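Open the structure in your viewer and keep the selection tool at hand. The stops below say what to select and what is there.

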Amino acid sequence: MAALETFYDVIRRQGISRRSFLKFCSLAAASMGLPPAMAGRIAHAMETKPRIPVLWVHGLECTCCSESFIRSAHPLAKDVILSMISLDYDPVIMAAAGDQAEAALEDTIQRYKGNYILAVEGNPPLNEDGMFCIVGGKPFTEQLKHAAKDAMAVISWGSCASWGCVQAAHPNPTQATPVHKVITDKPVIKVPGCPPIAEVMTGVVTYMLTFGRLPELDRQGRPKMFYSQRIHDKCYRRPHFDAGQFVEEWDDEGARKGYCLYKMGCKGPTTYNACSTTRWNEGVSFPIQSGHGCIGCSEDGFWDKGSFYERLTDIKQFGIEANADKIGMTAAGVAGAAIATHAALSAVKRARAGKGENQ
Amino acid sequence: MTAPLLPGIFTGGGDRLGEQTRLECGVCWHVYDPARGCEVWEIPPGTPFAALPDHWRCPNCDNEKSVFLPLDQAPEDGMDSRVAALVACFEETAQRMCDLPVHNPALRVDAVGFRPFGEGWLGILITPWFMNIVLLPKQADAWDHLMPGAEKQRHALPAGSYDFEVARAEGMGTYQTCSLFSPMHEFADHEGARLTAEAAIDALMTAEEEPQEAEADSRRIDRRDLLRGRFGGPEN
């Protein structure tokens, strides 16, 4: 028996038609902002490449990442993504428990040495030798290090794994530490957000399966295709910001008219995420659309940056720090023609709508 | 001053003439070119028509200034006045924005590189709190049926597709915007912002060649070729 079936084998076995399969491929291409021609490549990869074995480990977390992941609209997680990757170990959704589960973990590590992906949800607490999080009778830190040793790459799901999130908020009694500070010898892809958008999570996995490499990352280690724009850049309330029309108080006239929530503490101007373009729940809405400001959940240390309802005042500092790809135009400001041109070109590129996206 | 002889001719509204605009005498077709000035009246080169003294007359037929017609100015399509209105509108908004942290006091409201595009005019608007691509409709009420915030409008610019937000402002009607920068703290001075805006509008108006994907695409196997035993696309 073949050790690894392809994704296509699996969905055929599940009775999914080739037509649906190809439809899935073009949706996947669209969700990653790739041109429609790439759908063919995705289909080809799915048909020929073996599924990627994935170990999904859980540290200090709330399972919101898993909850988000299994609700992905397209690619449809329940039928497709879970078939696309071979989720060999995930305590949340696997049938096995106890010794059986731990055996599955060990088995995968041994069998696919250097070829599996380690997905980490939550982070390890380092204080008291990691005693604040015990998995299978051992500190989670140990399990994490053990599983990461032979992994091809590590995906940090959510803000916990990427930055630390609430358990690392001041004073951080358990010394919860983001994954990239514990695993330093493997490529770590950060997919921050609390939780991350489902389509972003599946998009990252699809990309890795299709192209057999990591997506392009920004300087903070986030996939550029989903984290290069701020909420503010593509917010549908942006014209109200431009026009200086703000909600001044909850439930005032401006709130009813859907004005900009900046004065109510919206962190959109400093938050890099795809919420305002991809939105949530199959593209239905996102926080700002339902009348609440962005809380900046995908940014580093968002719990320690003051109240969710406090207006951004140190936007200057914050903005520059958060913008991973800004090129030396900070200190001197944009002055020289060359720098101006560079800034203009990257802005023009950033503002472009995803190629091949037609939803 | 006597009433103008012909309707529609230049009647002193010099503020609406460009500094470089040449004018032609409505009677003898003599052309006044600001770049060359006027030897007969000893007017130095570089003098706009509006700055000519009142006693200046056509050096050829001795008619008054008022008979001159703008020569190379395209018939007024309203772009300049609409862009001016846009700037004025945001200058007013700036009064309300100036005490917010998103306001960069080194900058001012400025419109850069507006030009006709499709059914509107496209250009870049700089304010102390954002830099946007702005699309103004030629017909002021053309987009009044669009709901602000409801759906993004996609436009194909030479550089690619861009999604525009629908915006509505008092006195400006409905127009569309696409964000380039906001807030504007990376700009130390207005000059830098202008340079960036100019480079951006140039980039937007220049077609970007497709990367290798297009090439790979052309090598796809054609079904007909495949059946005829030719793989890897047509040979000739």
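Select Pro137(B) first. Leaving aside neighbours within four places in sequence, Pro137(B) is in contact (heavy atoms within 4.5 Å) with Arg82(B), Glu119(B), Gly120(B), Trp121(B), Ala142(B), Trp143(B), Thr174(B) and Tyr175(B). Pro137(B) sits in strand S6 (residues 130–137) of chain B; helices (H or I, at least four residues) and strands (E, at least two) are DSSP runs, numbered from the N terminus. Its relative accessibility is 0%, so Pro137(B) counts as buried. Buried means under 20% relative accessible area, exposed over 50%, and partly exposed in between, with a 1.4 Å probe and protein chains only. Trp121(B) is 16 residues away along the chain, and the two C-alpha atoms are separated by 6.4 Å.

A note on the model and its numbering: this is a predicted model, in which local features need pLDDT of at least 70 and side-chain atom pairs count only at pLDDT 80 or more, while totals for chains, interfaces and linings use all residues. Residues are numbered from 1 along each chain as its sequence is written, chains are lettered from A and ligands numbered from 1 in the order in which they are written, and side-chain values use heavy atoms, with hydrogens and water left out.

Now show chain A as a whole. Its secondary structure comes to 15 helices and seven strands. Of its 359 residues, 56% are buried. Among contacts in chain A with a separation of 6 or more, 75% are between residues 24 or more positions apart.

Select helix H6 (residues 98–111) of chain A. How far apart are the end C-alpha atoms of H6(A)? They are 20 Å apart, which agrees with the 20 Å that 14 residues should span at 1.5 Å a residue; the expected span is 1.5 Å times one less than the number of residues. Colour Ala101(A), Leu105(A), Thr108(A) and Ile109(A), the buried residues of H6(A). They cover an arc of only 100° around the axis, which puts them on the same side of H6(A); the arc is that of the directions from the helix axis to the C-beta atoms. Asp99(A), Gln100(A) and Arg111(A) are exposed on the other side. The cover over the buried residues includes strand S1 (52–58), strand S2 (85–89), strand S3 (116–121) and helix H7 (140–149) of chain A.

Move to Arg230(A), in the loop between helix H10 (224–227) and H11 of chain A. Is Arg230(A) buried or exposed? Arg230(A) is buried, with a relative accessible area of 9%. A polar atom of its side chain lies 3.3 Å from the backbone oxygen of Pro269(A). Not counting residues up to four places away in sequence, Arg230(A) touches residues including Thr270(A), Tyr272(A), Ser182(B) and Pro183(B).

Next select Ile295(A), in the loop between helix H13 (275–278) and H14 of chain A. Ile295(A) is partly exposed, at 27% relative accessible area. Not counting residues up to four places away in sequence, Ile295(A) touches Lys267(A), Phe302(A) and Phe308(A).

Finally, show both chains. In this interface, 46 residues of chain A are in contact with 45 residues of chain B. The two chains bury about 3,600 Å² between them, 60% of it on carbon and sulfur atoms; buried area is the accessible area (1.4 Å probe) that two parts lose on being put together, summed over both. Helix H11 (238–242), helix H14 (315–322) and helix H15 (337–351) of chain A each supply at least two residues of the side that touches chain B. H15(A) gives the most to that side, with eleven residues.

Note on methods:
Polar contact = N/O pair within 3.5 Å; in protein donor to acceptor, adjacent residues only side chain to side chain.
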